[in-house]
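Open the model in a viewer and keep the selection tool ready.

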Amino acid sequence: MTEPDARERIEAFFAATNWGKELEALRAILLDCGLTEEFKWRSPCYTVDGGNVATLWGFKEDFALSFFKGVLLTDKDDILVAPGDNSRSVRMARFASLEDVAARQQTLRSLIIEAMENEKAGVKVDLGDGELDLPAELTAAFEADPELERAFEALTPGRRRGYLLH
């Protein structure tokens with residue numbers, strides 16, 4: 001059950017986007033599959049048994065249904081794409097119209113059900129160690145400032161990776 005404050009935020013999200021009707025169509029499919037609607041990361045988030053499954057996004061040129069563990073999904077129709085070059089887990093289905101959503105509805109339902117089953121089963125994405133080589137400039141900065149190195153090592157692995165990629 002969605003909390004009252006979350007419900008207001010979700011409704012405001014749909015009212016504020018240029019893709020309101022289109023995202024509402026995706027929302028209807030997600031809810032019909034049995035997911036719980038919450039509000040996280042300034043967007044509707046769809047969960048099962050407390051685990052994140054998918055989220056909706058409206059962009060300038062298109063809109064998307066994003067799967068947190070999309071890399072695990074069987075994408076027979078090849079509709080899922082990585083949101084960026086360094087995305088290791090998330091995959092999204094991008095759309096440009098209501099007709100796109102309608103045409104892919106059965107595929108979406110299959111992907112959603114598979115994502116729900118994976119989440120219920122506790123399936124994890126193997127991200128490997130995720131470690132990247134330190135650039136020479138950063139190694140030199142660590143040698144010059146050990147406190148900087150300690151601060152860097154105190155970051156979460158994802159934050160460290162983000163800084164190294166940047």
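**A tour of the aromatic rings**

Select tryptophan 41 to begin: with a relative accessibility of 48%, this residue counts as partly exposed, a term for values between buried (under 20% relative accessible area) and exposed (over 50%), computed with a 1.4 Å probe on protein chains only. This is a predicted model, in which local features need pLDDT of at least 70 and side-chain atom pairs count only at pLDDT 80 or more, while totals for chains, interfaces and linings use all residues. Residues are numbered from 1 along each chain as its sequence is written, and side-chain values use heavy atoms, leaving out hydrogens and water.

The structure holds five aromatic pairs. Rings of Phe, Tyr and Trp (its six-membered ring) pair if their centres lie within 6.5 Å; planes under 30 degrees apart count as stacked, over 60 as edge-to-face and the rest as tilted.

Tryptophan 41 sits in the loop between β1 (36-40) and β2 (43-48), and phenylalanine 68, 27 residues apart from it, in the loop between β4 (63-67) and β5 (80-81). Strands are DSSP runs (E, at least two residues), numbered from the N terminus. Phenylalanine 68 is partly exposed, at 22%.

Next, select phenylalanine 63 and phenylalanine 95, a stacked pair with 5.6 Å centre to centre and 25° between the planes. Phenylalanine 63 belongs to strand β4 and phenylalanine 95 to strand β6 (residues 91-95), so the pair ties together parts 32 residues apart in sequence.

Conventions
Helices (H or I, at least four residues) and strands (E, at least two) are DSSP runs, numbered from the N terminus.
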